[in-house]
Amino acid sequence: MKIQEVIVVEGRDDTAKIKLAVDADTIETNGSAINANIYKQIRHAKEKRGVIVFTDPDYPGERLRRLIDEHVPGCKHAFLPKKKAIGKNGLGIEHASVKDIQAALSQVHELVDQSESLDWQTYLLQYGLIGGPKAKERRQKLGERLNIGYSNGKQLGKRLTMFQINPEEFEKAMEEIIEEETN
């Protein structure tokens, strides 16, 4: 599998694992120690070939993802569910299987302007994604099913809008999740 875009990862181990899974170039941020030079590289890569941000499914990885979006808007994003990134020595892209990395990179999302966003609050309440006993678990399952990563109740609506998830896609995923819970 050849990837045209440059993949932004956190470190050398991530690059090594990605190169086992796909034919691609990477930019390493050296964890959250990202600096102006790295932003410049990412900006240049985005202009020339496009960029896919593929960070670890943890707090530092999500923070890094937000920082890159702030400094280099318009990057694409790939997500790996936390349960597929757990290894003996921690959590990260480097612990994922080649198959899971290929799957994540084949389902890339592009961020969009949120100025004309749908008000997701009603949907989130209706499907028990905020304020309910199963809310966190349902948000995790929804993030995995839609390949948008996990987000808390406050951020979920923004993330659904950012990744252009439409109400039909959302409802179909939630109905499948609720059906799994009842079986």
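In helix α6, R138, K141, L142, R145 and L146 meet E169, F170, A173, M174, E176, I177, I178, E180 and E181 of helix α8, contact meaning heavy atoms within 4.5 Å. The residues of this contact divide into seven nonpolar, no polar and seven charged; Ala, Val, Leu, Ile, Met, Phe, Trp, Tyr, Cys and Pro count as nonpolar, Asp, Glu, Lys and Arg as charged, and the others, Gly among them, as polar. The model is predicted, with local features requiring pLDDT of at least 70 and side-chain atom pairs pLDDT 80 or more, whereas totals for chains, interfaces and linings use all residues. Residues are numbered from 1 along each chain as its sequence is written, and side-chain values use heavy atoms, without hydrogens or water.

The axes of α6 (residues 135-146) and α8 (residues 167-182) come within 10 Å and cross at roughly 125°. α6 is therefore oblique to α8; angles under 35 degrees count as roughly parallel, over 145 as roughly antiparallel, 65 to 115 as roughly perpendicular and the rest as oblique. Axes are lines fitted to C-alpha atoms, for helices over the stretch in contact, and angles run from 0 to 180 degrees between N-to-C directions. Helices are DSSP runs (H or I, at least four residues) numbered from the N terminus. α6 passes α8 in a right-handed crossing.

Helix α2 (residues 36-48) packs on helix α3 (residues 59-71) at about 65°, with the axes 10 Å apart. These two helices are therefore roughly perpendicular to each other. Y39, I42 and R43 of α2 meet L67, I68 and H71 of α3, a set comprising four nonpolar, one polar and one charged residue.

For α1 (residues 12-21) and α4 (residues 98-105), the packing angle is about 85° and the axes lie 9 Å apart, which makes α1 roughly perpendicular to α4. K17, I18, L20 and A21 of α1 contact V98, I101 and Q102 of α4. Five of the residues in this contact are nonpolar, one is polar and one is charged.

The largest pocket has a volume of about 790 Å³. Of its 30 lining residues, E62, G149, Y150, S151 and R159 are the closest to its centre. A pocket is an open set of points on a 1 Å grid where a 1.4 Å probe fits, with protein on both sides within 12 Å along at least five of seven lines, and lining residues have an atom within 4 Å of a point. α3, α6 and α7 (153-162) each supply at least two lining residues, and α3 gives the most, with five. The lining divides into nine nonpolar, nine polar and twelve charged residues.

Key. A crossing is left-handed if the near helix is turned anticlockwise from the far one by less than a right angle, and right-handed if clockwise. Grid points are joined across faces, edges and corners, and a volume is the space filled by probe spheres set on the points.
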